[in-house]
Amino acid sequence: MKPAVLITGACGGIGRALCEVFHEAGYAVVGIDKDSPADFSHTVIPFNLQLIAQSDKSADALRRKVFSLSDGRLDVLINNAAVQIVKPCDELTREDWHATLDTNLLAPFWLTTLFLPELRAARGCVVNIGSIHAKLTKRQFVAYATSKGALEAMTRAMALDLAPDVRVNAIAPAATDTPMLRAGFVGNSEGFAELNSYHPLGRIARCEEIAQSALFVAGSQSAFMTGVVVAVDGGISSCLSDPAH
């Protein structure tokens with residue numbers, strides 16, 4: 001029987017790459033996303049992850065659906081779905097905070113505990129997709145940066161609680177070439193080029209590179225890794241932003 005992976009935010013740029021990379025590596029892939037586009041070639045459960053943070057009934061229904069598609073096993077859980085609301089502090093609403101924390105922080109926690117028996121049985125692992133914003137952020141990213149910082153802390157703490165049966169790690173990408181990021185630079189090719197050049201490697205990440213990093217962290221070659229946050233950032237976290245050269 002194939003190992004099974006559950007990937008949230010499966011239909012976004014990084015999510016699609018995760019589905020493809022794990023499928024090619026021999027996994028049975030089950031995705032979760034709010035919507036399932038017609039051009040998506042993997043199995044997707046339409047589900048709003050905010051619900052899992054709010055309702056045991058919704059969680060139980062999701063569990064049944066996942067196992068109807070994965071033959072009752074789960075080897076890897078990838079918490080990739082995220083909400084990014086870019087607003088200054090004085091414009092953030094309670095709804096913004098609930099949407100951000102429910103999706104980015106609480107859903108990964110509840111999903112992990114929901115599937116913990118199967119992850120333990122498989123001696124499996126959890127991979128949380130974090131962000132460089134957990135440590136290095138910028139204006140108007142208060143809600144997003146807070147959620148990702150908390151996700152990193154939760155990764156370390158859950159790794160201790162769940163060892164030795166389940167490994168829990170995270171990946172912290174910097175800017176990644178997704179359709180969403182590209183949409184933010186429409187009509188601003190100079191800004192996009194500047195974003196690329198600011199990274200020491202001279203470009204932003206490709207979605208496939210983030211997915212391949214997740215595959216490594218989930219695989220047997222990283223069997224002695226848990227509670228680790230892996231920076232996949234092209235060196236930008238080592239770069240001091242300083243007007244003096």
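**View 1. Val127 stands opposite Asn169 in β6.** Strands β5 (residues 125-129) and β6 (residues 167-173) run parallel and are joined by 5 bridges. Strands are DSSP runs (E, at least two residues) and helices are runs of H or I with at least four, numbered from the N terminus. The model is predicted, so local features need pLDDT of at least 70 and side-chain atom pairs count only at pLDDT 80 or more, while totals for chains, interfaces and linings use all residues. Residues are numbered from 1 along each chain as its sequence is written, and side-chain values use heavy atoms, without hydrogens and water.

View 2. Contact means heavy atoms within 4.5 Å; axes are lines fitted to C-alpha atoms, for helices over the stretch in contact, with angles from 0 to 180 degrees between N-to-C directions.

**View 3. The open sheet has 7 strands in the order β3-β2-β1-β4-β5-β6-β7, with parallel pairing.** Because β3 (43-46) and β7 (229-232) stand at the edges with a single partner strand each, one side of each has no neighbour in the sheet. Neighbouring strands are turned by 20° against each other on average, direction ignored. Two strands pair if DSSP finds at least two bridges between them.
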